[in-house]
Amino acid sequence: MLKVLGRNLTIKCKPTVNADLRQTVEAETLELVEILAASQSPFLEQFELRRQPCGPKKIRLSIRNGEEGSGRAPADYGNPDLRDRSPLYETLPATRELIESFPLEDVARILVLVDPAGWGTPLHRDHQLPDVKQEFVWFRTSPEKQLYVIDDADVRADTLGFAAWFDSRQRHGVEQSPHPTVSIRVDGRFKADVRENLLASITPSLELGTKPT
Ligand SMILES: [Fe+2]
């Protein structure tokens, strides 16, 4: 089920992700973090806010395939013409199975975000472009990864299920957890029915705010 934060809207997402698959995805991604860290792989990056590294680690399961700089704009994250799968994608069979179950017509950027034990993700906005609504599925492997979104009326919405979409122009963050937590964000293009239900249903309070971060 895909839930829109701040609303009770749910979208059918088949097949339903079972607990075994979630746990396998978590195990294989945490193992990959260890392997990449040990080899200082460029596919493992430190999450940055305002160009400063902070807690979460980022594994890129997609690579940009265009000219230098292309695909970097927030409007391009979901453009499948600008990305290929990275070699790491093939090494994660459970993660591939999970991503194939998402209600996306096309898949473009794929990121795994791992918050180390004792860390969370600070409150931030992904971008502030008024005409760009990013289409993506955010998925967590465990309820311990508590994503929340705060709208411009300062109303907080917490993730309830495992798959969610939110307006990434709104402030959002992840609570600290005593254990490493894993989420996967897959940008692409929603299937038509999902787009219609999801993006058209955003309440004004979840639209772009006017307060600075
Ligand atoms: Fe974000």
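In which loop is the place of Gln40? Select Gln40 to begin: this residue sits in the loop between helix H1 and strand E3 (44–49). Helices (H or I, at least four residues) and strands (E, at least two) are DSSP runs, numbered from the N terminus.

**Before going further**

Residues are numbered from 1 along each chain as its sequence is written. The model is a predicted one, in which local features need pLDDT of at least 70, side-chain atom pairs count only at pLDDT 80 or more, and totals for chains, interfaces and linings use all residues.

Colour the chain by pLDDT, the predictor's confidence in each residue, from 0 to 100. The mean pLDDT of the protein chain is 83, and 85% of its residues reach 70 or more. Confidence is highest in E14, at a mean of 96, and lowest in strand E2 (residues 10–11), at 42. Residues 8–15 have a pLDDT below 50, and beyond near neighbours in sequence this stretch has 21 contacts in the model. The pLDDT is also below 50 over residues 204–213. Two residues are in contact if their C-beta atoms, placed from the backbone, lie within 7 Å.

Among contacts between residues at least 6 apart in sequence, 78% join residues at least 24 apart.

**Stop 1**

Return to Gln40, which has a positive phi of about 50° although it is not a glycine. A residue is buried if 20 or more other C-beta atoms lie within 10 Å of its own, exposed if 12 or fewer, and partly exposed in between, with C-beta atoms placed from the backbone. Gln40 counts as exposed because it has 7 C-beta neighbours inside 10 Å. Of the 213 residues of the protein chain, 35% count as buried.

Next, select E3 together with strand E4 (residues 52–60). These two strands pair in the antiparallel sense over five bridges; two strands pair if DSSP finds at least two bridges between them. Leu44 stands opposite Ile59 in E4, and Leu49 stands opposite Gln52. The hairpin has two residues between its strands, and Arg50 takes a positive phi near 50° there.

Follow E4 across to E7: the pair is antiparallel, with four bridges. Lys57 has Val114 in E7 as its bridge partner.

**Stop 2: the nonpolar core**

Select Val112, Val137, Trp138, Phe139 and Val186. Within the largest nonpolar core, which has 38 residues, these five touch the most other members. A nonpolar core is a set of buried Ala, Val, Leu, Ile, Met, Phe, Trp, Tyr and Cys residues joined through C-beta atoms within 7 Å. Elements that give two or more residues to this core include helix H1 (19–38), helix H2 (93–100), strand E7 (104–115), strand E9 (136–140) and strand E14 (181–190). E7 gives the most, with seven residues.

Now centre the view on Trp138. Leaving aside residues up to four places away in sequence, Trp138 touches Leu147, Ala164, Trp165, Ser183 and Arg185.

**Stop 3: helix H2**

Which residues of H2 are buried? Select Thr95, Leu98 and Ile99, which are buried in this helix. Seen down the axis of H2, the buried residues fall within an arc of 95°, so they line one face of the helix. The arc is that of the directions from the helix axis to the C-beta atoms. The buried residues of H2 pack against H1, E7, E9 and E14. On the other side of the helix, select Pro93 and Glu100, which are exposed.

**Stop 4: the four-stranded sheet**

Display E8, E13, E10 and E11, which form an open sheet in that order with antiparallel pairing. At its edges are strand E8 (121–124) and strand E11 (156–158), each pairing on one side only. The twist averages 15° from one strand to the next; axes are lines fitted to C-alpha atoms, for helices over the stretch in contact, and angles run from 0 to 180 degrees between N-to-C directions. E10 and strand E13 (residues 171–174) run antiparallel and are joined by four bridges. Within E13, Val174 stands opposite Leu147.

**Stop 5: Gly161**

Finish at Gly161, in the loop between E11 and E12. Gly161 counts as partly exposed because it has 15 C-beta neighbours inside 10 Å. Select Ser142 as well: Gly161 and Ser142 are 19 residues apart in sequence and 9.5 Å apart in space, C-alpha to C-alpha.
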